[in-house]
Each structure stands twice: as C-alpha cells, then as structure tokens.
Amino acid sequence: MEKYYGFGLPVDISTHGAEIDRLIYVIHIFMAVLFMGWLAFLVLTLVKFRARPGHEARHHVEHFKAPTYLEVFVALFEVVLLVGFAFPAFHKTRDVFPNRADALEVRIVAEQFAWNVHYPGADGIFGKTDPKLMGAANPVGLDLGDPLAKDDVTTINQFHVPVNQPVIARLSSKDVIHSFGIPVMRVKQDVVPGQTISSWFEAKKTGNFEIACAQLCGLGHYRMRGFFIVDSEADFKTWLDQMAPKPPAPPATAATTPQGAAA
Amino acid sequence: MSHGEHSRELPFWRKYIFSLDHKVIGAQYAVTGLLFLLFGFCLMMLMRWQLAYPGQPLPWLGGLFNEQSMVGGIMLPEFYNQLGAMHGTIMVFLGVVPLAVGGFGNFVVPLQIGAPDMAFPKLNMMSYWVYFIGGVVMFASFFVPAGAAQSGWTSYAPLSDIASFGQTMWLFGMVFLITSSLLGSVNFIVTIVQLRAQGLTFFRLPFFVWAQFVTAFLLLLAFPPLEAAAVLQLMDRLAGTSFFLPTGLVVSGKLLEVSGGGNPLLWQHLFWFLAHPEVYVLILPAMGIVAEIIACNTRKPLYGYKSMVYSVIFIGFMSFVVWAHHMFLTGMGTKMSAFFQVTTMIISIPSIIILTALLLSLWGGSIRFNTPMLFATAFLPMFGIGGLTGLPLGLAAADIHLHDTYYVIGHFHYVVAPGTLFALFAGVYHWFPKVTGRKMSEVLGKIHFWLSFPLINGIFMPMFIMGLAGVSRRLYDPTQYAHAQPTQPLNVVISICAWLLGLAQIPFIINFFGSLFFGKKVGQNPWQATTLEWSAPSPPPHGNFETVPVVYRAPYEYSVPGEKEDFIPQTERK
C-alpha cells in the first residue's frame with residue numbers, strides 16, 4: 001500500500017493542492033535562507049565582539065546600508081508571495097466553483113462528533129430537511145414526506161466520492177463550530193452553525209483517506225474522524241446504488257396504508 | 001494624599017499588602033505572575049503525559065485527581081480540554097501580561113522616567129487587586145462541578161455557550177482581568193506623558209518606556225471589545241439571549257430552546273480584535289527589556305533607536321487591522337482575506353526592523369555574557385523563528401493546510417515562550433538587584449539558561465514537523481488519526497523535553513528566593529548602566545530618588561570617546 005502520511009506534508013491527491021504545497025515550499029525556503037543568514041551574522045557578531053581584555057566598544061558605528069536593502073527585498077518578496085502564489089491559490093479554491101452539472105453535490109452536516117453526509121440521489125436534488133426531524137435514525141433531519149427526499153442517501157462518517165470529478169460540498173453544522181479537514185486533499189473549511197459554506201475539490205487518485213475535525217468541538221473532538229473514500233467512477237456508482245433506498249416492497253406498502261388512512 | 005503623608009512608617013499590611021507604592025505593586029504583580037506561570041506550566045506538563053502516552057495511567061500523581069478528572073489515573077477528555085483552555089488563559093492573562101506590564105512596567109517605568117510614583121497610586125493598587133480577584137476566580141473554577149472552562153482559551157461560541165459552569169467562571173474571571181488591565185493602561189499613559197523628569201524628552205526615553213507606552217494604548221483600546229464580548233456571552237449563558245446562537249441548533253439530538261438569530265462569528269471577531277493586539281502586548285514589553293539589556297551589556301548605544309521607536313508605534317496601529325487572519329477559514333471571501341493578508345505582511349516589516357536593529361546593536365560592542373544578556377541574546381533568534389513561521393500562516397492559501405495544526409502552536413509559542421518568557425527571565429535577572437539590592441547568582445543563572453535553551457527548542461521545533469504533517473491541535477488522543485501516527489514519537493520527545501524543562505526551572509526558583517537573603521549586596525548601579533533607574537538607590541526608597549533627577553542626555557551614552565568611564569548616566573550634565 002502506498003504511504004500517505006509521514007514526516008513531511010501528507011500525500012496530495014487533489015487537483016488544487018499542488019499550488020498550496022508550492023507556496024508552502026517556497027516560503028519555507030525563503031524563511032530558511034533568511035534565518036540562516038541572520039543566525040550566521042549573530043554568531044559571527046557574538047564571537048567578534050565578545051568582551052575581552054584590550055577590546056573596547058565603539059560608541060559610533062557606521063550606518064549599515066545592507067538592512068535597508070534587506071527590508072526592501074523582504075517586502076518585495078512578500079508582494080510576490082501574495083500576488084504570485086497566495087491570492088490565486090485562495091481565489092481558485094474559494095471563487096472558481098465548477099459547473100454544478102459536472103460536479104457531484106453533497107451536503108455535509110457536522111455534529112458532535114460525527115460527519116453526516118447527504119447525497120441527493122438519482123434526481124440530483126436534495127430533499128427537504130428540518131432540524132426538528134433530526135434524531136438518531138435521521139441524522140440530517142430529512143423530511144421523508146418530500147418526494148425529492150425519497151431517493152436521497154445519507155451516511156455517517158463515510159464520505160464516498162468518485163475520482164476525477166469535482167465535488168461541491170455544502171457544509172453546515174447542527175451544534176457547534178467544527179472544521180472539515182481532509183489532509184490529503186488540502187481541504188480545510190470551518191463549519192459554522194447557522195450558515196452553509198460551500199467548498200469544492202477534485203480527487204485525482206482512488207484510496208481510503210481521513211476526514212479530521214480541525215476545530216475544538218467538545219470532549220469528543222479527538223475522535224471526530226471520518227473516512228474519505230475515493231472510488232473509481234464505476235465503484236462509486238455501485239456503492240451509491242447499494243445505498244439507495246429500495247423501492248417499497250409489497251409488505252411495506254401494506255404497512256403504510258393504515259397510516260395513510262389515519263391521516 | 002501627599003507623599004509626606006504616606007512616607008511615614010506604615011503598618012505591614014499597608015506597606016506590603018495594600019500598598020500604594022509602584023515598586024511594591026510591581027513586585028506583587030511579578031511574583032503573582034511568576035506563580036501563575038509555574039501553575040500554567042504544570043497544567044501543560046500534565047497534558048504532555050496524555051499526549052505522549054495516550055490512555056495510560058499517570059504514574060504517582062494519577063491518584064491525586066478525583067473521578068471527574070482522571071479514572072484510575074487515566075485522564076478524561078473533559079479534563080484534558082480544561083487543562084488546555086486554562087493553560088492558555090493562565091499563561092497569557094495571568095502570567096505573561098501581569099509580569100511584563102504589571103510587574104516590569106510598574107516597577108521600571110516610573111524609575112526610568114524619574115518619577116516618584118505612578119500618576120494614580122490608588123488606581124494602581126486597585127488594578128492589582130482586581131487582577132488578583134480575577135486570578136482567584138480562574139483558579140477556583142477547577143473546583144466547581146464539571147470543572148473549569150473547556151472550550152479553549154479562545155472560547156469559541158456556540159461550544160462555550162453550551163459548556164458547563166466553569167465557562168461562566170471563566171467569563172467572570174476575564175471581566176476582572178480586563179478591568180484590571182484597563183485601569184493599569186490609563187495609569188501608564190498618564191504617568192509617561194505627565195511625570196517624565198525635567199529634560200527627559202520623548203526621544204530621550206529608554207526604548208523600554210516606549211514599548212510600555214504603546215502597549216498601554218493597545219490595552220486601553222483592544223481590551224474593551226473583549227470585555228463587551230464576555231458580557232454578551234454571559235448574557236447568552238445566564239439571561240437567555242442568543243448573541244452567538246443561531247436558530248435551529250440541535251445539541252445531542254435535541255433542538256435547543258433558544259431564541260436564536262445570533263451569529264457565532266461575531267464572537268470570533270470580537271475575540272480576535274482583542275487577541276491580536278494582545279499578541280503585541282505580550283511581545284512589545286519583551287522587546288523593550290531586551291533592548292535595555294543589549295544596550296547595557298554591549299556597552300554601546302542601540303543601533304537605529306529612532307527607527308525602532310517609529311516601528312513600535314507603527315506596530316501599535318497596524319495591530320488593530322490584522323485580527324481576521326485568525327479567521328481565514330471561516331468562510332471569508334477572497335477580497336476580505338486579501339485585505340487581511342496584506343496587512344499581515346505589512347506588520348511583519350516593522351517587526352523585522354526592530355529585530356534587525358537589535359541584532360545590529362551587537363555589532364561594534366564589547367559584549368558581556370552575563371545571565372541577563374544570555375537570555376536577551378537568545379530572544380533574538382527565537383523571536384526570529386516565531387515571527388518567520390507566522391508568514392505561512394498569514395497567507396490564506398498556505399493556512400488552508402496549516403490552520404489549527406501544531407504548526408500554529410509551534411509558531412506562537414516561539415514568540416511567547418523562548419521569545420517573551422526568555423526576555424522576562426532576562427529582565428528578572430537584570431532588575432533583581434534594583435528591586436532587592438542583591439544580585440542573583442551567576443552560576444545558577446547560567447545553569448538555568450543553558451538547560452532551558454536547548455530544552456525549549458526540543459519542545460517547539462518538532463511541532464512544526466507535526467503541523468506540516470497535518471496533525472490538528474487540541475487532540476486528546478492524536479493516535480486516533482492515521483495521519484498523526486507517523487509523528488507520534490515526536491510527542492514523546494516533546495513531553496520529555498517539557499518535563500526536563502520543568503526541572504530546569506528549579507535552579508531559577510532556588511536562585512530567586514535564595515538571592516533575596518543570600519545574594520551579593522550591590523550598590524545603586526551594579527551593571528554600570530545609564531538609564532535613570534540606576535541613579536536611584538537599590539532598593540529605591542519610597543519616592544524613589546534622593547534628589548529630583550534632571551536629564552541631560554540620550555538614554556544609552558555608552559563608550560563615548562574621550563570619557564573616563566564607558567558609561568554616562570542620563571543625569572550627568574553635559
């Protein structure tokens with residue numbers, strides 16, 4: 001099995017992650033060079049100007065030009081980092097959403113301490129939900145009376161997506177702030193109750209990865225772990241078909257009749 | 001009250017407990033702050049057991065805790081979260097700020113400006129006692145049902161809104177602590193503006209006073225929003241309001257019976273509007289201390305004093321417009337995040353100027369490596385690491401991966417632990433002779449430094465590696481995640497370094513208390529320094545100076561060519 005996690009950055013299987021990683025590498029090289037320069041100067045100075053017999057301090061020291069150039073260089077480099085790397089990468093993940101028709105749209109409803117995933121099913125439209133209907137058997141509060149909800153699929157902590165297809169996740173929370181993080185996808189987005197925040201990403205590789213909650217959400221924060229499973233297109237379809245609610249079998253129809261009569 | 005009136009022999013409780021003298025109040029602040037730092041450090045050492053050996057019973061000490069905290073010596077996640085929240089709160093609000101501003105500020109600023117006391121001595125006393133009450137409330141919160149606050153030192157709503165009673169205690173505690181800071185800040189501003197000695201112009205002020213001056217403005221302007229926010233959260237918890245609670249919350253499967261309509265992000269904005277200037281409240285006094293010690297121990301003036309002063313003022317202004325860089329991932333749009341990324345990059349420039357000026361101040365000196373200078377020198381590269389690692393976090397795109405990971409923990413601890421705390425230790429060693437009339441032991445001081453310096457790096461350096469690997473902060477048990485497992489051995493390294501660092505503080509504690517009684521007695525100017533505090537007796541009497549000081553010179557007249565001594569006090573006539 002391929003190793004996903006180690007001492008460096010986790011493996012990146014997203015289409016946008018390379019840009020983020022490049023920024024992280026560039027800035028760390030810059031930091032390392034700047035710091036090593038400083039440190040070398042510091043050590044040299046400490047040795048050269050240590051107090052010792054026959055050595056005296058100088059009241060007047062010549063004006064150094066180098067620091068001014070250094071400041072200007074640092075400022076310019078920061079401009080390059082911002083304009084060349086940071087703005088475009090953030091813009092791409094936040095503003096340039098894929099076409100809804102080409103993408104898989106899912107709702108992720110976070111709660112203490114689980115990730116509920118809501119797929120719209122074959123019709124591609126989410127059924128109505130209501131916080132009043134939320135419960136252990138119906139974690140996202142799906143309104144089963146709504147015809148659009150009939151084919152919807154919900155899972156807990158199992159987030160399957162197809163490879164090479166953009167995914168738009170509509171993130172919301174039932175209770176407190178969580179943060180939806182998938183380290184291998186370079187995705188992290190706070191999930192704020194009272195709001196729905198959209199995030200999109202596209203996986204390039206199949207495999208079984210992790211969703212990690214990145215925001216302290218209570219005593220079970222450390223175990224708010226979900227599975228992010230990237231399937232091949234065919235596998236994803238098979239899985240979704242398996243999960244789809246079965247068309248009502250005859251005994252079930254019989255069971256619903258008295259209810260209907262009562263209503 | 002005139003000075004003549006209360007310079008009479010006062011009863012013990014008026015002289016040392018409810019004192020109006022800035023030096024006693026400063027010492028009270030410093031000692032209380034140091035004790036809270038030790039306490040906060042102990043909380044962290046407990047957490048480090050759980051992080052290094054998750055789920056294993058804590059040896060020896062495990063039995064001392066009740067079942068609400070540990071079962072059979074195994075820490076519960078609730079208790080872990082309490083330790084985390086309170087470690088942060090205590091270190092910042094009860095340890096570093098009281099020591100840096102209340103302690104050093106109170107003791108040193110009036111002396112350095114040649115004043116007999118602070119402008120408002122009673123306000124000063126009140127500020128300490130309000131802080132003390134805040135500390136007692138915070139400490140007591142560990143003993144209430146369900147324990148202390150456990151929603152992080154940031155207390156993000158709605159988690160904090162629905163948390164147990166400890167959170168209410170936390171909010172009350174914060175109201176006291178912020179009130180105390182406000183009282184103190186007004187006092188500092190008036191004192192520095194009004195009570196400077198004759199001839200002590202603003203550009204003759206020691207850099208430390210400048211740093212405290214800007215800090216006081218930050219305290220004055222940034223703390224009230226958090227006080228307001230704390231009151232709003234109290235209302236949410238006690239009076240049924242919903243400032244931070246949106247409609248339709250379902251907690252543990254039950255619809256929450258609240259009016260709703262609030263917004264959790266409002267809390268974050270109010271909190272960070274305080275808490276980012278707060279970072280500079282932690283770092284500016286430290287820079288001030290380091291500047292004083294470097295000038296004195298290199299035996300030469302600071303390099304670029306004026307640009308340092310302009311930089312510190314600029315930092316003060318800029319620190320109010322960077323707060324939302326803590327919130328890049330809350331769903332902020334590109335334009336808004338671009339604004340805060342730009343301001344964040346801009347504020348790095350004056351910080352680099354100050355650091356560069358301090359570094360260049362060493363050039364051409366004759367450097368005495370006594371204990372305060374060792375700590376002050378170590379501050380430079382440590383703060384450098386802390387500052388530089390802020391850059392990737394300040395760029396929203398890189399922050400996507402690094403946000404809320406151990407990288408953040410490593411970053412801000414480099415700023416405040418081997419950064420600010422080392423500067424504070426330097427300050428303790430440097431001004432101890434002025435406070436007590438006795439010097440601390442150089443041998444114990446050097447042992448303290450040479451043990452602490454490598455160990456503290458052993459704690460925080462591995463955190464960058466863990467952060468890059470994507471390990472989230474505030475995890476009770478990191479081994480739950482596959483992506484955190486490869487770096488788990490680092491947690492063991494960090495914990496061992498942390499416990500050893502705890503032991504390395506023993507020489508300091510012995511030195512501190514031992515030197516009170518057995519330290520070498522010194523005269524008024526043991527370091528041959530130039531600033532005004534060294535023209536007063538050690539310890540300075542009530543009213544500080546024997547004759548009213550008049551200032552004729554810039555603050556750092558060291559090694560002036562053609563002079564007999566290598567230092568000229570500010571009070572010496574030209």
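Biologist: How many bridges join β1(A) to strand β2 of chain A, and which way do the two run?
Modeller: Five bridges join β1(A) to β2(A), residues 114-119, and the two strands run antiparallel. Strands pair when DSSP finds at least two bridges between them. Strands here are DSSP runs of E with at least two residues, helices are runs of H or I with at least four, and both are numbered from the N terminus. This is a predicted model, in which local features need pLDDT of at least 70 and side-chain atom pairs count only at pLDDT 80 or more, while totals for chains, interfaces and linings use all residues. Residues are numbered from 1 along each chain as its sequence is written, and chains are lettered from A and ligands numbered from 1 in the order in which they are written.

Biologist: What do β1(A) and β2(A) form?
Modeller: They form a hairpin, with two residues between the strands. Within this pair, A:V117 of β2(A) stands opposite A:I108.

Biologist: And which residue of β5(A) is the bridge partner of A:I108?
Modeller: That partner is A:L171. β5(A), residues 167-173, runs parallel to β1(A), and seven bridges join the two.

Biologist: Why is β1(A) described as largely enclosed?
Modeller: Eight of its eight residues, 104-111, are buried, so the strand is largely enclosed by the rest of the structure. Buried means that 20 or more other C-beta atoms, placed from the backbone, lie within 10 Å of the residue's own; exposed means 12 or fewer, and partly exposed lies in between.

Biologist: Which residues of β1(A) are on each side?
Modeller: A:L104, A:V106, A:I108 and A:A110 are on one side, with A:E105, A:R107, A:V109 and A:E111 on the other, and both faces are covered. In a regular strand, side chains alternate between the two faces of the sheet.

Biologist: What is the strand order in the open sheet of chain A?
Modeller: The order is β4-β10-β9-β6-β7, five strands with mixed pairing. The edge strands are β4 (158-162) and β7 (187-191), each of which pairs on one side only. β4(A) runs parallel to β10(A), residues 225-231, through five bridges, and A:V161 has A:V230 as its bridge partner in β10(A).

Biologist: Which domains does the assignment give for chain A?
Modeller: Domain 1 covers 17-52 + 61-94 and domain 2 covers 104-246; such bounds come from an automatic or database domain assignment. The C-alpha centres of the two domains lie 40 Å apart.

Biologist: Turning to chain B, how many helices and strands are there?
Modeller: Chain B has 17 helices and six strands. Its radius of gyration is 24 Å, close to the 25 Å that the globule rule gives for 574 residues, so chain B is as compact as a globular protein of that length. The radius is taken over C-alpha atoms, and the rule is 2.2 Å times the number of residues to the power 0.38. Buried residues make up 60% of the 574.

Biologist: Where is B:H413, and is this residue buried or exposed?
Modeller: B:H413 is in helix α14(B), residues 406-436. This histidine counts as buried, with 21 C-beta neighbours inside 10 Å.

Biologist: How many residues does each chain bring to the contact?
Modeller: Chain B brings 82 residues and chain A brings 78. Residues are in contact when their C-beta atoms, placed from the backbone, lie within 7 Å.

Biologist: Which element supplies the largest share of the side of chain B?
Modeller: Helix α10(B) does, with twelve residues.

Notes:
Contact = placed C-beta atoms within 7 Å.
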